[in-house]
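Here is a short report on helix packing and salt bridges. Please read it with the sequence and the model side by side.

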Amino acid sequence: MTARLVVLISGSGTNLQALLDACADAAYGARVVAVGADRDGIAGLDRAAAAGVPSFVDGLKAYPAREDWDRAIAEHVAAYEPDLVVSAGFLKILGKPFMERFGDRYVNTHNALLPAFPGIHGPRDALAYGVKVAGATLHFVDEGIDTGPIIAQVAVPVRDGDTEESLTERIKAAERRQLVEYVGRLVREGWTITGRKVTIP
């Protein structure tokens, strides 16, 4: 059975595109059934439209309270009956109404080797700290900021003379490969979460 993915985005959608490309192969075992965004007019929504994938936009300012926004996104995602929800550059933290429904099947990709450098400036913070190895982490989302159980990590060496931009681009390339590989493995092979340990059979 082909697994159903809902992908959440906030920007250009390069990770979304990597998943769409992977899903074109029936052997991958998944298809993107919807794309959700927190803003209009972003390239990621154009990618969804080009692929014939339905999309929805829930802007935070459209709702009287954050919890109302959170509940609305949960309802929109639930309507597509996903097996896995993927945060692919989605820059908003989802709260209790969403996590209660999808917390055990909501994954996020982060551009640092967690638990180091959480938040939205992973490569910049890594460079400022002077690390020799950066990278990307795929993890299940909990109610913290980049604190959920880790599924996979990939290391990216920091080069002499790296800028935030050059390091970010190399991390993005590794991050996309990791995202595609492990989302595929999760949907094909299943997973268990025991405490902080994620096991893929």
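The axes of helix H1 (residues 14–23) and helix H2 (residues 43–50) come within 9 Å and cross at roughly 15°. Axes here are lines fitted to C-alpha atoms, for helices over the stretch in contact, and angles run from 0 to 180 degrees between N-to-C directions. H1 is therefore roughly parallel to H2, a label for angles under 35 degrees. The crossing of H1 past H2 is right-handed, meaning that the near helix is turned clockwise from the far one by less than a right angle. Thr 14, Leu 16, Gln 17 and Leu 20 of H1 meet Gly 44, Arg 47 and Ala 48 of H2. Contact means heavy atoms within 4.5 Å. Helices (H or I, at least four residues) and strands (E, at least two) are DSSP runs, numbered from the N terminus.

This is a predicted model: local features need pLDDT of at least 70, side-chain atom pairs count only at pLDDT 80 or more, and totals for chains, interfaces and linings use all residues. Residues are numbered from 1 along each chain as its sequence is written, and side-chain values use heavy atoms, with hydrogens and water left out.

Next, helix H3. H3 has 13 residues and reaches 18 Å from its first C-alpha to its last. That is close to the expected 18 Å, which is 1.5 Å times one less than the number of residues. Trp 69, Asp 70, Ala 72, Ile 73, Ala 74 and Val 77 of H3 are buried. Buried means under 20% relative accessible area, exposed over 50%, partly exposed in between (1.4 Å probe, protein chains only). Their cover includes strand S1 (3–9), strand S3 (55–57), strand S4 (84–87) and H4.

Now the salt bridges. Each is a side-chain nitrogen of Lys or Arg within 4 Å of a carboxyl oxygen of Asp or Glu. The count comes to ten. Three of them are listed here.

| Pair | N to O distance |
|---|---|
| Arg 71 and Glu 67 | 2.8 Å |
| Glu 75 and Arg 101 | 2.8 Å |
| Asp 162 and Arg 170 | 2.9 Å |

Arg 71 and Glu 67 are separated by about one helical turn, because they lie four residues apart in H3 (residues 66–78). Arg 71 is partly exposed at 37% relative accessibility, and Glu 67 is partly exposed at 47%.

The side chains of Glu 75 and Arg 101 also meet in a salt bridge. This pair links distant parts of the chain: Glu 75 is in H3, Arg 101 is in helix H4 (residues 96–102), and they are 26 residues apart. Glu 75 is partly exposed at 46%, and Arg 101 is partly exposed at 35%.

Asp 162, at 16% relative accessibility, counts as buried.

Terms used: Angles under 35 degrees count as roughly parallel, over 145 as roughly antiparallel, 65 to 115 as roughly perpendicular and the rest as oblique.
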